[in-house]
Amino acid sequence: MSLEHTNVRDELVSLTRTLVSIPSHRDATAVGDVIYNWIENNTDAAAQRDSHGNIIARRGIGSVSIALTGHHDVVDPDEQQVTDNGEYQLTKQNRRLYGRGTADMKGSLAAALLAFRDIVPADGIEVVFASFIGEEDGGIGAQAAIENGFSPEYAIVGEGSTNYAGVKQTDVVVAHKGRRGSTLTAHGEAAHASEVDCGINAIYRASDAIDILQELAADAPVASVGETEISGSVAVTEIDGGTAWNTIPDTCQITIDERTVPGKRAPIERAAVEGVTWSIDQDLPPMACDDPTFATAVTNVAANIHSETTPTKVTKPHATDAGWLSDAGTTCVIVGAAEPGEAHTAQESVSIDAIERCYQIYRAVPSQHCIDNNECWSSD
């Protein structure tokens, strides 16, 4: 089906407004219904919805697939972002849209939907649209889709990449950090504080472990992805020990936030000294684009769309669904309208110009095989 659409900017604002107005912090079913029905009513693709609530649709026929992916769940809204009847507020001011989910990431999702509708895939290219649930809960939707066989060769993930290297530009993220959250538990023997030698102080053992963690933090791993570098980090973020002022504590727990980088981890196990055990609570994988030709192709498309600035390849500090996709073998980059510091805030907003740039990038990349020097990023 070939459709001509004028005034895409108005459509982007309207669709973003529709998606944002529907609460999806506790249950993303309702906004998923809107996305599913929109695809059915506006494209020639047959949408599929799995038992988890992920929505996937495909257009074109080819041996190489490229996916436009996002998520339709959001974090809890601030009270000022909700109307009296429980709907989300969305306001428009100074070429920006304000409201929960505008930046993270229903603005980019609207751009992906419209681009999916308007794309004319190059020969041999299958274009996939995928919106996952549960990204804000550790990527449970993306993991489920992967387990069910979702495995495109390439993906453009619509998380934030705007204004990373300069203002008024949408950059291309080629790597991001993962997050490994873990707990060190120090074990001791309780005793009355007046008889110190009768017990073993778990807090002291925890302090020995913290000393090692500080050494690891000072020498956190660094990874190279193409011409960019990305640095990890280790930080103690919580400590909990003791039950009373006059009791030698028999347990003490330390919470560790570690930002991992592709291919490297900090050796936190070294902090599991005598009487201290280590457990991993969450492990979100980092992402690294494994095909520099594809990253260059997307960056060149972005550069052609910008008129006043030059987007570049950048890294991102936090984990996204791109980590799960990359870990499963999909070549990923991240291109999205959200800017640093916008997501999850009470004043969350997104630039309408950035949404439109994302639409243009999403639409252009699957329409070509080659970049300017005639190197192909895909082959059928």
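Let's start with an open sheet of four strands, ordered S13-S15-S9-S16 with antiparallel pairing. Strand S13 (233–241) and strand S16 (276–284) stand at the edges with a single partner strand each, so one side of each has no neighbour in the sheet. On average, neighbouring strands here are turned by 20° against each other, direction ignored. This is a predicted model, in which local features need pLDDT of at least 70 and side-chain atom pairs count only at pLDDT 80 or more, while totals for chains, interfaces and linings use all residues. Residues are numbered from 1 along each chain as its sequence is written, and side-chain values use heavy atoms, leaving out hydrogens and water.

Helices (H or I, at least four residues) and strands (E, at least two) are DSSP runs, numbered from the N terminus. Two strands pair if DSSP finds at least two bridges between them.

| Strand | Partner | Bridges |
|---|---|---|
| S9 (residues 178–187) | S16 | Eight bridges |
| S1 (residues 48–49) | S2 | Two bridges |
| S2 | S6 (residues 125–132) | Five bridges |

Within these pairs, Arg-179 has Leu-284 in S16 as its bridge partner, Gln-48 has Ile-56 in S2, and Arg-58 stands opposite Val-128 in S6.

Now to a helix pair: the axes (lines fitted to C-alpha atoms over the stretch in contact, with angles from 0 to 180 degrees between N-to-C directions) of H1 (residues 8–20) and H2 (residues 29–42) come within 9 Å and cross at roughly 145°.
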